[in-house]
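Visitor: I am new to this structure and would like to be guided through it slowly. Could we look at it together, one topic at a time?

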Amino acid sequence: MDKETKDQLKQALQMTGSKQLLKFVKSYAAKNDELAKAIIEKFMPTVDTLDIEKAVGDCFNHKKKGGRRSYGPSLDWATIRRDIKRLLKQLNCICEQGNHETAARAALHLLQTLAEEFMTDCVYEDYNYDRSDYSIDQTLQLLHTVLVKSHTMSRESKLDIIAALKEVKEERAYKSYLSCDIGKLINNAEEAVLTPEELLKQIDANIRKTSDNADKAYYVGWKITLLHDMDRSQEAYETMDKHVNLDPIAEMKYSRLMEEENYEAAKAFCQDRIDFGKSHNRSLDQWYKRWLDVATLTNDKAIQRETAKWLFLNVNISKDAKEYYYTYRQTFSDDVWPQYRDSLLSLKEKKSYDKDLLLGIYEEEGLHERIFQIIDKMNTIANWSYTVRPNSGGEKMAYFAKYARLLSDLQKEHIEGELVKTIKTVAQYAHTRDHYAEVARALHLLSISCDKGQTDARRLAAQIVRDNPSRPAYREEIQQYEY
């Protein structure tokens, strides 16, 4: 190639984008076997052509333009991420060629180098680490393929890589910044590589050294499953009993007792877990629910009564609480129910003032006096600093509109009088369209509550429109409803 041609080629390449060049090479190579073979020979990675140390090092050899900064990273991490993805494609190609050990050791070295470079250069940058894709999951997937599925890689080599992965798992980069589950890979790899006895020893070691209850429960559960698989069920049950204070293991034991239809033992176990939870400040909801389930199955009225009462008083979901109320009620005869009912509802009012739940129950039970007492206690002072529920001028107005039909004339007159005073005050100080809308909504609710409420709502609506001639928005909001 003469000098003139070389210069023209250089100039043409400088004016060509990488995508255009790649498209041209693909098209030209498809028609030229010699070029295709040359490209494959030059760029297709093999175990002989890939230098692991250099390939991984090149991924991180990208300085930011302008040199080291006083703040922020000095490396070009966007380019690093692209090169990591390219390297993983090469490693997967090598893996497909059957060179599993080379691919695995390169992937391991990539994880080690990423942790080191990240902590050195990138950890102080102010950005969301979880959203930075360094292809860690893809790297772990490659290692999983080799360690768990490969039959050509030696056991010793796999154990060596697993040991190195345990050190990588403890790197601060992966524990604090780069979210990934190296522990899961290690567990899967050990399960595939170790003999059952070796695996049992390793699980025992993990149980001893971990301080996190969730991790300990995971390993204990794994040990129990493994012991069953090894036909050592008695040891499995002993392990279960030894670690029963771990919630997942306690659930496992409860499930076993229920499967064996050992219901008396299951009831005793639930009570034991509840006693333990009370003394150790643990959540009790699930154990009371299980205790109720087994009591219902065995028609144990005493336990049904105790558990349903506790759940009604303590659960936060109204729908569930009402179901427990019905369960509790079913354990009494009609003649004694009222005295237990009144006591239970009084406790609920003191413990958790769920107005919707209580008012619904009072309506069903015909306890209209209690409905009046609850509504009467509600605050009638409007506060513009927060959005009231419902958006109408206050909950007292909303509940009165819903339950006024159940109240006596004197009770309705009492509450309606307080609400009229509140609406007058709110209407006087309303100064935004949102405030006007709340006044209009309050008048509407007042009008549908009772006959006197309808009369007063019409009168107040006319007065507000008359007193605010320069506020057309006020008039528009008021006139949205019929009173």
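**A walk through the model**

Guide: Let us start with Asp121, which lies in helix 6; helices here are DSSP runs of H or I with at least four residues, numbered from the N terminus. This is a predicted model, in which local features need pLDDT of at least 70 and side-chain atom pairs count only at pLDDT 80 or more, while totals for chains, interfaces and linings use all residues. Residues are numbered from 1 along each chain as its sequence is written, and side-chain values use heavy atoms, with hydrogens and water left out.

Visitor: Is Asp121 buried or exposed, and what is its relative accessible area?

Guide: The word buried stands for a relative accessible area under 20%, exposed for over 50%, and partly exposed for what lies in between, with a 1.4 Å probe and protein chains only. Asp121 counts as buried because its relative accessible area is 9%.

Visitor: With which side chain does the side chain of Asp121 make a polar contact?

Guide: A polar contact is a pair of N or O atoms within 3.5 Å, where one must be able to donate a hydrogen and the other to accept it, and where residues adjacent in sequence count only if both atoms are side-chain atoms. The side chain of Asp121 reaches the backbone nitrogen of Leu75 at 3.2 Å. Its polar contact with another side chain, at 2.8 Å, is made with Trp77.

Visitor: What kind of aromatic pair do Phe118 and Tyr134 form?

Guide: Phe118 belongs to helix 6, whereas Tyr134 is in the loop between helix 6 and helix 7, so that the pair links distant parts of the chain, 16 residues apart. Both residues, Phe118 and Tyr134, are buried. Their ring centres are 6.1 Å apart with 85 degrees between the planes, and the pair is edge-to-face.

Visitor: And what kind of aromatic pair do Phe332 and Trp337 form?

Guide: Phe332 and Trp337 are both buried, and they belong to one aromatic cluster whose members include Phe312 and Tyr340. With 5.8 Å centre to centre and 40 degrees between the planes, the pair of Phe332 and Trp337 is tilted.

Key
Phe/Tyr/Trp six-rings, centres within 6.5 Å; stacked < 30°, edge-to-face > 60°. Helix = DSSP H or I, 4+ residues; strand = E, 2+ residues; numbered from the N terminus.
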